[in-house]
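These are my notebook entries on one chain, taken in the order in which I looked things up. I began with the conventions and then turned to the fold.

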Amino acid sequence: MDGTTLHETAMRVAGELPAVTHTFPFGPEHDVFKVVGKIFLLTSHLSGQPIVTLKCEPAHAQALRQEFETITPGYHLNKKHWITIITGPGVTTNLVEELVLNAYLLVAENLPRAKRPLGLESLQRAREIVVQEDEQQG
């Protein structure tokens, strides 16, 4: 996966999720995706290289950083709750899609019940199915 594909994949998946807005609060070079006003994904460049920064559960973030050398603590964000991805070994379309969905659900599930997007339960079930399939294969 090259950097353009990294950005395109993350933005495509984020843009297809319910109640997502695509904004540029930090300037035109920083794509920011929010669910009901809460950021879950940013795309930008670091030293000319495309990066994707995502919200992530701390334990999952730590495991990802140990497994992938190109997944690092969130650039310019809380290092415990955010990760930054650059292209490299093991960074696949499926991984990026999964991490975008996880970031979205992490933020959406913590919204007040009345503000949660319609369709959230379907996405949660889809994630559970993917996790079960991964466990069966692994």
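Predicted model: local features only at pLDDT ≥ 70, side-chain atom pairs only at ≥ 80, totals over all residues.

**Entry 1. Conventions.** I take contact to mean heavy atoms within 4.5 Å. Helices (H or I, at least four residues) and strands (E, at least two) are DSSP runs, numbered from the N terminus. Residues are numbered from 1 along each chain as its sequence is written, and side-chain values use heavy atoms, with hydrogens and water left out.

**Entry 2. Overall composition.** I counted four helices and six strands in the chain. Read from the N terminus, the elements follow the order α-β-β-β-β-α-β-β-α-α. Of the 138 residues, 38% are buried; buried means under 20% relative accessible area, exposed over 50%, and partly exposed in between, with a 1.4 Å probe and protein chains only. I also looked at contacts between residues at least 6 apart in sequence, and 49% of these join residues at least 24 apart.

**Entry 3. The sheet.** In what order do the six strands stand in the open sheet? I read S1-S2-S3-S4-S6-S5, with antiparallel pairing; two strands pair if DSSP finds at least two bridges between them. Strand S1 (20-23) and strand S5 (71-73) are at the edges with a single partner strand each, so one side of each has no neighbour in the sheet. From one strand to the next, the twist averages 25°.

I then followed individual pairings. S1 and S2 are antiparallel and joined by four bridges, and His 22 has Phe 33 in S2 as its bridge partner. S3 and S4 are joined by six bridges, also antiparallel. These two strands form a hairpin with two residues between them, and Ser 47 in the turn has a positive phi of about 55°. Leu 42 is bridged to Thr 53 in S4, and Thr 53 is in turn bridged to Thr 84 in S6. S4 and S6 run antiparallel and share four bridges. S4 is largely enclosed by the rest of the structure, because five of its seven residues are buried.

**Entry 4. Helices on the sheet.** H3 lies across S1, S2, S3, S4, S5 and S6 and runs at about 140° to S3. H1 packs on the sheet through S1, S2, S3, S4 and S6, and its direction makes about 30° with that of S4.

How do H1 and H3 cross? Their axes come within 9 Å and cross at roughly 40°. I therefore record the two helices as oblique; angles under 35 degrees count as roughly parallel, over 145 as roughly antiparallel, 65 to 115 as roughly perpendicular, and the rest as oblique. In the H1 side of this contact I found Leu 6, Thr 9, Ala 10, Arg 12, Val 13 and Ala 14, which meet Thr 93, Val 96, Glu 97 and Val 100 in H3.

**Entry 5. The nonpolar core.** In soluble globular proteins, nonpolar side chains tend to be buried together. A nonpolar core is here a set of buried Ala, Val, Leu, Ile, Met, Phe, Trp, Tyr and Cys residues joined through side-chain atoms within 4.5 Å. The largest has 30 residues, and Phe 40, Leu 54 and Val 100 have the most contacts inside it. Elements that each supply at least two residues include helix H1 (3-16), strand S3 (38-46), strand S4 (49-55) and helix H3 (93-108). H3 gives the most, with ten residues. I checked Val 100 beyond its neighbours within four places in sequence, and its contacts are Ala 10, Val 13, Ala 14, Leu 17, Phe 40, Leu 41 and Leu 54.

Entry 6. Apart from residues up to four places away in sequence, His 7 touches Thr 43, Ser 44, His 45, Pro 50, Ile 51 and Val 52.

Thr 43 belongs to strand S3 and is buried, with a relative accessible area of 0%. Setting aside neighbours within four places in sequence, I found Thr 43 in contact with His 7, Met 11, Glu 29, His 30, Asp 31, Ile 51 and Val 52. The C-alpha atoms of Thr 43 and Asp 31 are 5.1 Å apart, although twelve residues separate them along the chain.

Terms used: Axes fitted to C-alpha atoms, helices over the stretch in contact; angles between N-to-C directions.
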